[in-house]
Amino acid sequence: MTDQLGRTIDYLRLSVTTACNLRCPYCRPTPLGDAPPALSDDDLVRVVRAAATLGVRHLRLTGGEPLTRPHFLSLVQTLRAIPGLETLSVTTNGTLLAGQAAKLAHAGISRINISLDAADEAACDALTGVPGSFRQTLAGIRAAKEAGLLVKLNAVLLPSTDVLALLSLASREQVLLRFIEWMPIGGIPQKAPHTADLMKLLTDANLDPKPVKASLGNGPARYFVTNTGQMFGVIDALSHRFCAGCNRVRVTASGILKPCLCYGNGADLRPYLQDEAMLTNVMRNAIFQKPAQHCFDTPGGITEHHSMREIGG
Ligand code: SAM
């Protein structure tokens, strides 16, 4: 469907849990409040069916850590069978992927984004707060590739990010890396690098990044290539606002439809889950009213106070 500004909305990020097995400080800075429980499998399916009726073609499952959800595989299988959906993908920290990648591919997942913010074992484990997480994620990346999944790596640009080391890792593992600008959502205010800082660093390292035209998925990433031939992406909501072309909405694990990441006033779908027509209508109205743009650059305007772990990123 199109929203009030004529943007086609065909992409849903659905969070299936607020639970996460990692403790990255920028993602879960505050303890979970008394958030309502996650929707049941049946209710998640109802939401996705209604979304597909409204024109959603691309579904991405996220969390928390989606692979910690009990019976995740059977949920994937059921969602995959919903008419209208063209792609089903997952965003994960990869720590539980080694044992599940082949099964996920078999269940109908085609693309997987794996979050990895450091290329060094000690630095990564310190950031996630979980010893062993780096090795698990690396094993997850390899298993996902082995299973034939289309793998992308995502790294949030933090003051500590070793950009060159992450590029080397991505090159070694032969996966596409994207850098995400840190967004001031539910978190500790911090001064994080932007794309311009990244480009300066790469230029200073004589890598001479040049923009390339590439359409590799359904998101807002822009792509560049270094003079060594390595392609990488940037997802820069702050320094390169892409709201005019935004194609997505989010549903949190507890059933709040969020038309924009920046604002806390989502539509609570829970009262309508048993009535398909009502549910579709409430979703249609909320999507139609999607705000024109985020206001990450005016901190007082951000009304979303939940953390990314609760929203799904
Ligand atoms: N646990 C999964 C994972 O690690 O990918 C899925 C959930 S996580 C919230 C989804 C994505 O959001 C991750 O790539 C994470 O790095 C990113 N993220 C979390 N907090 C962020 C922030 N404040 N700004 C930008 N990206 C953020």
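In this predicted model, helices α6 and α7 pack with their axes 10 Å apart and at an angle of about 75°. Because angles from 65 to 115 degrees count as roughly perpendicular, α6 and α7 are therefore roughly perpendicular to each other. The contact is formed by V163, L164 and L167 of α6, which meet L198, L201 and L202 of α7. By class, this contact of α6 with α7 comprises six nonpolar residues, with no polar and no charged ones.

Helix α6 itself spans residues 163-173, and within the helix V163, L166, L167, L169, A170 and E173 are buried. These residues lie on the same side of α6, because they cover an arc of only 160° around the axis. The partners against which the buried residues of α6 pack include α7 (195-204) and α5 (133-146), together with the strands β5 (150-157), β6 (176-181) and β9 (231-235). After α6 comes Q174, with a positive phi near 55°.

The wider setting is the nonpolar interior. In soluble globular proteins, nonpolar side chains tend to be buried together. Here the largest nonpolar core has 72 residues, and L61 and F179 are those with the most contacts inside it. Helix α1 (residues 41-53) supplies the largest share of this core, namely seven residues. A second core, separate and made up of 26 residues, includes L22, I180, I185 and A192.

As for L61, leaving aside neighbours within four places in sequence, the residue is in contact with L14, V16, P66, F72, V76, L79, L88, S89, V90 and T91.

Methods:
Residues numbered from 1 in each chain as written. Predicted model: local features only at pLDDT ≥ 70, side-chain atom pairs only at ≥ 80, totals over all residues. Heavy atoms only, no water. Core = buried A, V, L, I, M, F, W, Y, C linked by side-chain atoms within 4.5 Å. Buried < 20%, exposed > 50% of the residue type's maximum accessible area, 1.4 Å probe, protein only. Helix = DSSP H or I, 4+ residues; strand = E, 2+ residues; numbered from the N terminus. Contact = heavy atoms within 4.5 Å. Arc of directions from axis to C-beta. Axes fitted to C-alpha atoms, helices over the stretch in contact; angles between N-to-C directions. Parallel < 35°, antiparallel > 145°, perpendicular 65-115°, else oblique. Nonpolar A, V, L, I, M, F, W, Y, C, P; charged D, E, K, R; others polar.
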